[in-house]
Amino acid sequence: MSGSNALSLIGDAYNSDEEENSDSVPKQEIPHKTLKLPVPESLKKLFCDFSEEEVLDMPELHGGRIRSFPHERGNWATCIFIPYKRSSLLSQVCDSFIRTCDSISKFSECDEFHLSLSRTVIIRHHWIEPLVRDIESKIKSLERFPVDFNDIGVYVNDEKTRTFIALKVGVGYQQLMNCVTAIDQCLSEFRLPTYYEDPSFHLSLIWCVGDKKEELTNLLPVLKSQYHSLVEENLQSQFIYVNRVCCKTGNRLFSFELKW
């Protein structure tokens, strides 16, 4: 046997033993680890407005108020309005009205004062940005203007679940209509309900549960007298100067400046 053949046989025998040993010893499996990649901040922000908790309608926790719309995930209650800063004089007016109306129903001061420029409408989350852009583009072309309140009115919401006593607008009505016309154009593009055809612009001060319009109408002369006696020494308090319009959608608030 030649030397080369001998070396070949030895090599074959060595390889054969190695294969047998490898078959007899079980291979240890390396556990597979799943790597969790971090979620990009842009995606977190996209879904940060959604709550995983179910929202329950509990009127007893909100003074008897009932939702106008049932809560549905992805639906955003939206309204456009002019904010009104609370003042000590207006709080006095509210206190006086509440005492006068106490015999009819239990009244509460409104949480926020504002002039509505739209109904409360429901939009989808992905409509927010385009709708807000449209409203801003329309509002910023309108000029600032004064508004005064010269009367008292009683209002009931569309669902007949709440009644409001409010200050009615005198000066500034046409400018408010210009705002509504611009906003209605934006809402129509999304096939959303527009504002009332012949609106009575007002600043709601106090409210009660239920439809109490008929009973409260009889008290209007007394309420008007109280209002005028409280503001006669500060006539400037009857005016506001409108310089911005706000849009509230869910828990987000947008503000649009009117031009000078």
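Q: At what angle do helix 4 and helix 5 pack, and how far apart are their axes?
A: In this predicted model, helix 4 (residues 128-139) and helix 5 (residues 173-189) pack at an angle of about 155°. Their axes are 9 Å apart.

Q: Why are helix 4 and helix 5 called roughly antiparallel?
A: Angles over 145 degrees count as roughly antiparallel. The angle between helix 4 and helix 5 is about 155°, and the two helices are therefore roughly antiparallel to each other. Their crossing is right-handed.

Q: Which residues of helix 4 and helix 5 meet?
A: Leu-131, Asp-134, Ile-135, Lys-138 and Ile-139 in helix 4 meet residues of helix 5, including Ala-182, Ile-183 and Leu-187.

Q: What makes helix 3 roughly antiparallel to helix 7?
A: Helix 3 (residues 88-101) packs against helix 7 at an angle of about 155°, with the axes 10 Å apart. The cut-off for roughly antiparallel is over 145 degrees, so helix 3 is roughly antiparallel to helix 7. Helix 3 also passes helix 7 in a right-handed crossing.

Q: Which residues meet where helix 3 packs against helix 7?
A: Among them are Leu-89, Val-93 and Phe-97 in helix 3, and Val-222, Leu-223 and Tyr-227 in helix 7. Val-222 and Phe-97 are 125 residues apart in sequence, and their C-alpha atoms are 9.2 Å apart in space.

Q: Why does Val-222 count as partly exposed?
A: Val-222 lies in helix 7 (residues 220-231). Partly exposed covers the range between the limit for buried, under 20%, and the limit for exposed, over 50%. The relative accessibility of Val-222 is 40%, so this residue counts as partly exposed.

Q: How many aromatic pairs does a search of the whole structure find?
A: The search finds 5 aromatic pairs. One of them is formed by Tyr-84 and Phe-149.

Q: What makes the pair of Tyr-84 and Phe-149 edge-to-face?
A: Two rings pair if their centres lie within 6.5 Å, and planes over 60 degrees apart count as edge-to-face. The centres of Tyr-84 and Phe-149 are 6.0 Å apart and the planes stand at 80°, an edge-to-face pair.

Q: Which parts of the chain does the pair of Tyr-84 and Phe-149 tie together?
A: Tyr-84 lies in strand 1 (residues 75-84) and Phe-149 in strand 5 (residues 145-156), so the pair ties together parts that are 65 residues apart in sequence. Tyr-84 and Phe-149 are both buried.

Q: Why is the pair of Tyr-195 and Tyr-196 called tilted?
A: Planes under 30 degrees apart count as stacked, over 60 as edge-to-face and the rest as tilted. For Tyr-195 and Tyr-196 the angle is 55°, with 5.0 Å from centre to centre, and the pair is tilted. Tyr-195 and Tyr-196 also belong to one aromatic cluster with Tyr-173 and Phe-201.

Q: How do you know whether Tyr-195 is buried or exposed?
A: Buried means under 20% relative accessible area. Tyr-195 has 8% relative accessibility and therefore counts as buried. Tyr-196, with a relative accessible area of 33%, is partly exposed.

Q: What makes Arg-144 lie over the face of Trp-260?
A: A charge over a ring must be within 6 Å of the ring centre and within 35 degrees of the ring normal. Arg-144 lies over the face of Trp-260 at 3.8 Å from the ring centre. Arg-162 lies over the face of Trp-207 at 4.7 Å from the ring centre.

Definitions and conventions. Residues numbered from 1 in each chain as written. Predicted model: local features only at pLDDT ≥ 70, side-chain atom pairs only at ≥ 80, totals over all residues. Heavy atoms only, no water. Helix = DSSP H or I, 4+ residues; strand = E, 2+ residues; numbered from the N terminus. Buried < 20%, exposed > 50% of the residue type's maximum accessible area, 1.4 Å probe, protein only. Axes fitted to C-alpha atoms, helices over the stretch in contact; angles between N-to-C directions. Parallel < 35°, antiparallel > 145°, perpendicular 65-115°, else oblique. Left-handed = near helix turned anticlockwise from the far one by under 90°. Contact = heavy atoms within 4.5 Å.
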